[in-house]
Structure formats: structure tokens, C-alpha cells
Amino acid sequence: MSTLGLLRTLFNPKIVTPNAIQLQSLNRTPFLVGLFFNHDQIRTMSRVKRRTTHPPYWHVLKNNQRTDEKISSDNLRFVQEVIQDKYKNKSPIKGSDLDIEKTEWDPKTKRSGVIARNIGVQHMWEKDGKKVICTVLHVLDNHVIRYVPPEEYAKSVIGAKMFKNRKPLGCLVVGAEASNPERFTRQYCSLFDEVGLLPKKRLARFIVTPNAALPPCTPLTAGHFVIGQAVDVYGKTIDYGFQGVVKRWGFKGGPASHGTTKFHRRGGTIGTGRDKARVWPGQKMPGHMGSERRFNRGLKIVRINMKYNIIYVKGTVPGPTNSIVQIFDTALPRRKFTEAPPHPTYFPPEDGTLPQEDIWDSSLHVFGSPSISV
Amino acid sequence: MLRRAVLQTFRQGLAQSFFKRYAVSLTETTVTHQPIETSDEAGEKSVPTQKTGDESGNTVVVAPPEFRFIYPEFLPDPAMERRNRLREKLERMDMLQRRSVIEIPEFYTGSIMAVTVADANSPNKFARFVGICIQRGGSGLRAWFILRNVVDKQGVEILYEMYCPLIQKIEVLRLERRLDESLLYLRDALPEYSTFPMDMEPERRLNNSVVPINPLKVKLRPRPWLERWERQNLQGVEDLNLPQRFYDRAEKVAKPWEKYDLMLHYRKTIPAEEQEKIFAEVHSQLQQQELKRKLRRRRGSDNEY
């Protein structure tokens with residue numbers, strides 16, 4: 001055994017990944033291991049428990065559990081009247097009405113994100129005739145529910161974990177898709193009582209720097225983003241259900257013919273007889289596939305429709321059609337903003353002029369313009 | 001053909017319950033007089049809410065029934081998982097914008113067409129191809145058609161995307177239909193059935209109201225073929241003259257019950273009420289575009305004299 005080999009085993013670099021579990025046994029010293037075995041394998045668990053089907057314990061019960069309530073039609077009408085009275089006064093909020101301190105944008109600012117629905121895919125063409133697949137994202141009726149300042153957020157369960165050894169940032173709770181209060185529980189509706197909004201079907205938290213804080217009831221629209229900017233989109237991937245090893249992990253399976261007996265889409269061997277003499281944790285096997293949190297980063301915004309609150313994003317987005325996604329300014333360092341975006345968010349102009357309805361990126365071919373000639 | 005017959009049976013009220021469900025889901029009726037404006041309805045409306053003529057309720061625009069054959073790509077893909085009314089509406093607006101720039105004429109499978117495309121590699125920077133349309137498909141901006149021709153004894157097929165901005169001109173040289181919806185069997189037919197001269201002149205029709213059906217029966221080359229044509233119930237092909245075992249096997253594999261499967265056809269088509277809504281939306285703009293083109297043609301012919 002060479003001295004280099006011994007030295008290598010002594011100075012074992014430990015590669016720690018978030019989901020890694022090191023399977024080195026602590027009894028054997030590296031020196032002894034180097035003598036008898038020429039390796040020290042670190043296996044990471046490819047799959048730890050990644051999803052829970054229940055919400056966190058601090059969430060209130062959301063959906064109305066009562067079914068088949070026999071209420072008379074008079075009482076039903078009364079309930080509707082009460083709801084109308086409670087949520088009657090809703091006027092569109094102008095930028096001047098809200099008391100936002102004029103804060104400066106700097107490159108380290110983290111702005112709020114936006115909740116949108118992925119409504120499908122549309123093909124568009126660039127100015128040189130190249131076809132581009134664009135995902136159409138419909139920015140729902142987003143309203144800021146509350147702002148949690150950094151000191152307070154750092155005390156919460158998730159905040160403490162996130163900002164353990166870092167400077168804490170604030171948290172903006174944004175809601176989207178207002179719907180009938182009757183389908184929610186009283187506790188869930190009370191989350192929106194302070195703001196006086198119709199309860200929203202979907203809530204999300206966005207981590208923001210204090211200078212990008214927004215007061216409650218601020219609407220967020222498609223104008224929050226800038227044409228040509230890069231965004232990150234978070235969504236839950238398509239749920240494929242229980243899938244076999246060929247679709248889930250890309251195994252090749254076995255031959256389709258030539259006398260193969262019952263071995264067409266199976267996994268085959270799951271371990272050797274020698275090392276560890278058992279199945280390693282993380283062994284790829286059939287199981288549930290999909291419905292996982294994913295971020296698609298660096299997607300370019302190529303078109304914004306201000307009238308319908310639509311963003312066209314170049315590329316695809318995790319999740320099926322008609323699923324809810326969250327859009328953030330990108331985290332990729334080389335594609336961040338160089339100029340100030342609408343900070344802290346976009347407000348329509350005070351003098352009542354309507355914004356330009358359809359804004360296109362300069363690289364795209366606008367449909368109403370003449371055909372391309374190369 | 002089958003689609004029209006099936007739609008008529010729907011109209012006769014065979015499956016009215018399905019359409020009632022559709023109609024109810026689009027207009028959410030609540031118990032109150034003023035329904036709460038939830039975001040499901042708000043999504044369809046624009047940010048400064050504008051009332052269109054249809055919503056005021058007095059006049060109902062109905063497009064002519066031929067629209068579903070002249071403009072089939074305006075109907076969305078029937079697969080329910082990927083449908084979204086707002087996105088389809090935006091796509092239709094983009095399609096109308098493109099149609100305002102270039103004329104995409106009425107054509108069917110079996111029509112002979114010429115397409116001029118911008119091509120960087122050609123000497124004139126434009127490439128013109130003449131061929132017979134053997135298949136058309138896709139919906140929305142993805143609509144496509146395939147043209148086939150035989151050039152220097154080599155069969156050539158080109159797939160064109162109808163709304164691609166590289167296309168400069170689409171002309172229909174001969175507007176007619178064939179006995180089948182898909183003419184893929186021309187690949188296995190004798191080459192003279194797919195050969196058309198590249199400098200073919202557009203033919204003028206005497207009777208503009210009816211699109212003629214060409215009852216041509218095509219002769220196929222001897223086997224082997226690309227597909228099992230005897231299993232596809234083709235009308236436009238001459239007798240295949242195959243041994244009886246082919247037809248016996250075709251009978252075993254056939255699914256004769258599919259023509260009675262109402263749910264299958266329902267899932268493959270857009271309901272008649274929704275078709276009417278869609279075409280009513282685009283009807284006025286399409287008519288305006290047609291009128292403008294007619295005026296331009298008339299002015300052009302006047303300028304000649």
C-alpha cells in the first residue's frame with residue numbers, strides 16, 4: 001500500500017450534501033481501512049422522504065368540513081346577504097392611497113414574487129423564424145395579506161432554520177384567487193379579516209428585504225415584472241402516481257423477445273453479495289413518481305399582456321396545465337437586474353392613462369407585423 | 001363526415017345533459033341576485049372591465065355553419081386536461097392578427113396548393129413548393145398541413161405550419177376534396193397520382209358555393225406497403241386485390257363498435273354550443289378581413305384595365 005494511498009485515506013474529504021447520510025462506520029479508523037480495503041465509499045440517499053400529504057401543524061384547517069347541511073332557503077339568502085355586506089367595499093387601490101415609504105432599489109434587494117396559474121403552452125416565433133415554446137402564465141388576483149418584519153420572522157420555526165447564521169429578511173404573505181367564503185372554515189377566513197379581503201384559495205410566502213416590503217391589500221399584477229428579465233418558477237411536478245423502474249429511473253429493463261420469460265420492465269439485481277451484504281438505502285426501485293417541488297430557473301419573459309395579466313415565459317414550467325406556480329425574480333447571479341425594476345411593485349400611472357396592453361420582447365416576431373424575409 | 005352526423009344527433013337532444021353541465025359551469029349561478037365576483041370569472045375579464053356587445057344581451061352573433069370546415073384550427077384540442085378558455089381566447093386573437101397580414105385560404109385534404117416560404121439558402125431567398133395536401137391537423141397556432149409532390153422521380157413531402165411567419169404566401173391552385181380525410185396512401189400509390197407541375201396555374205371555379213369532391217380511385221403499387229391499407233376502410237383506393245387472409249385478419253382486428261361509442265366521439269370533438277361561441281367570437285373579424293381582401297382584389301383587377 002503506497003504512502004500516497006494511506007495519506008488519501010487519512011485526509012478523507014467529506015462531501016456533505018443536504019440529503020446525504022454518510023455510511024462510514026465510526027469504529028474503523030481510516031488508517032485501518034486503508035490497510036485492508038482500498039476504498040471508502042460515501043453513498044448519498046437518492047430519496048429521503050420528500051413530500052408530506054398533510055400541511056404543517058401551525059396551519060389552520062382550511063376547507064369547510066361540513067357537508068349536507070339542511071338550511072332553509074331563507075337562511076341561505078341571509079347568509080349570502082351577510083357575506084355581501086362584509087366584503088362590499090372594495091375599490092381598486094391606487095399607488096398614492098397606500099402609505100409606502102419611498103425606498104431605493106439596490107442590486108441586493110429581494111422583491112416580492114407572484115402567484116400565477118400555468119394555463120398552457122403557446123408557440124411563438126423569433127425574428128429569424130426560429131420557433132420558441134412559451135409557457136403562458138396567468139397572474140391571478142394577488143393581494144398582499146401581511147408583512148412580517150425580519151426580527152419577528154426569524155423567531156418562527158421556518159425563519160429560524162432559514163436565517164440560522166445569516167442576517168434575517170422579512171416575509172410577505174401573498175394570497176391569490178379570491179373565492180366564496182362558504183367553502184372555507186371560520187379560522188381560515190379570519191386570516192383575511194384584518195385586510196378585509198375575500199378569502200383566497202392559495203397563500204404563499206415570499207422572502208423580501210425590508211426595503212421591498214408592501215402594505216397589506218396591495219395588488220400584484222403582471223406589470224410587476226419587466227420584459228426580458230429572467231425569472232425562477234416554482235411548481236409541483238406532474239403526478240405520475242406509482243410508476244415502475246423504467247419510467248421512474250430510466251432503467252433499460254430486459255429484451256422484448258428472444259425467449260425472455262417475465263423480464264421486460266423489471267429492475268434486475270439490487271445489490272452485490274459482498275459489500276455490506278444488504279440493500280443500500282436509496283436503491284432505485286418502483287414507487288411514487290412526481291408531485292415534487294421543483295424550480296425552473298432563468299426563464300426569460302418574452303411577452304406581457306397587461307390587460308389580461310398574462311406573462312409569456314420562454315421554456316417550460318414544472319407542473320401540469322392549470323396548476324398554480326410561483327414566480328420570483330431569478331436567483332441566478334449573472335441574470336439578475338442591472339437596472340431598477342418596478343420597486344417595490346408596479347402601480348398603474350396616477351393620471352389614469354392605461355398602460356400599453358401587449359408588450360413584446362425585441363427578439364420576438366409580433367403577429368400583426370409583416371412576414372419575415374431572410 | 002362522421003363528425004357532422006354526430007353533431008346533428010347531439011342537436012337532436014340525445015346527450016343534452018352533457019351540454020347543460022357545460023353551460024352551467026361557464027356561467028356560475030349562485031343563490032343571490034348579485035353573484036360574488038370570484039376569480040374564476042374575473043380571470044376571463046380584463047383588468048379594466050369592458051362590456052362587449054354580446055354581454056349586453058340584445059344581439060346574438062351566430063357565425064355561418066361552414067366556418068367549422070373552413071377554419072377548423074380555431075377549435076381547440078378536445079383533450080380536457082390541457083384546456084383553458086383564457087389561453088384559447090388569447091391564441092385566437094394572435095391567429096386573427098396573423099391572418100390580417102397573410103391570407104390563409106380555405107383548403108381541404110386533396111386540394112393542390114402552392115406555398116412560398118422565406119429561405120436563406122435559396123438563390124431568390126424564397127422557396128416555392130407546389131403539392132397536394134395529404135393531411136392537415138393541429139389546433140391554434142400549431143395548425144399544420146403536409147404537401148406532397150414528386151420532384152425528379154423523388155417523392156417529397158413538406159410539413160408547413162400555417163401560422164409560421166416565414167410563410168409569405170399560401171395559394172390554393174385547385175380547391176377540391178377527396179373521398180378520404182387523409183391521403184397518406186399516396187405514398188404507396190403510383191407516382192402519377194402525386195405528381196403536379198411546379199408552374200401550375202390557379203384554376204378558377206365556376207360554382208363558388210360548393211367544394212367539389214373528386215371521386216378519384218387511386219391505384220396502389222404492389223406490396224410491401226407502409227401501412228395496412230386494407231384495415232383502414234379507404235374510399236379513394238381501387239380494389240386492393242389481396243389474398244382473403246388479409247381481409248379475414250382485418251375483420252378480426254377491427255373495432256366496429258366504435259361508431260356507436262358516443263362518449264368516445266364526445267371526447268374527440270368540441271360540443272356544438274361551444275363551437276358556436278368560438279366562431280361567433282372570431283366571425284366579425286374574419287368577415288372584415290375577407291371583405292378587405294375582396295376589395296383589394298377588385299381594385300387590383302380594376303387597375304389592370
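First, the conventions. Since the model is predicted, local features need pLDDT of at least 70 and side-chain atom pairs count only at pLDDT 80 or more, while totals for chains, interfaces and linings use all residues. Residues are numbered from 1 along each chain as its sequence is written, chains are lettered from A and ligands numbered from 1 in the order in which they are written, and side-chain values use heavy atoms, with hydrogens and water left out.

Chain A, then. The secondary structure of chain A is seven helices and 13 strands; helices (H or I, at least four residues) and strands (E, at least two) are DSSP runs, numbered from the N terminus. Chain A has 374 residues, and 37% of them count as buried. On that scale, buried is under 20% relative accessible area, exposed is over 50%, and partly exposed is in between, with a 1.4 Å probe and protein chains only. Chain A exposes about 22,700 Å², with 55% supplied by carbon and sulfur atoms; accessible areas come from the Shrake-Rupley method with a 1.4 Å probe, and for residues only the protein chains shown count as cover. Of the contacts in chain A with a separation of 6 or more, 77% are between residues 24 or more positions apart, a contact being heavy atoms within 4.5 Å.

Chain B has nine helices and five strands. The pattern along its sequence is α-α-α-α-α-α-β-β-β-β-β-α-α-α. Of its 305 residues, 40% count as buried. Chain B exposes about 18,700 Å², and carbon and sulfur atoms supply 52% of that. For contacts in chain B between residues at least 6 apart in sequence, 69% join residues at least 24 apart.

Now the interface. The area buried between chain A and chain B is about 3,400 Å², and carbon and sulfur atoms give 60% of it. Buried area here is the accessible area (1.4 Å probe) that two parts lose on being put together, summed over both.

There are two salt bridges between chain A and chain B, each a side-chain nitrogen of Lys or Arg within 4 Å of a carboxyl oxygen of Asp or Glu. One of them pairs B:Asp94 with A:Arg303, with the closest N and O atoms 3.0 Å apart.

Last, the backbone. A cis peptide bond joins A:His343 and A:Pro344, with omega about -5°. A:Pro344 lies in the loop between strand S12 (323-329) and strand S13 (358-360) of chain A. In chain B, a cis peptide bond joins B:Arg223 and B:Pro224, with omega about 10°.

A:Glu177 is not a glycine, yet has a positive phi of about 70°. A:Glu177 sits in strand S4 of chain A and is buried, at 3% relative accessible area. A:Lys262, also not a glycine, has a positive phi of about 55°. A:Lys262 counts as exposed, at 69% relative accessibility.
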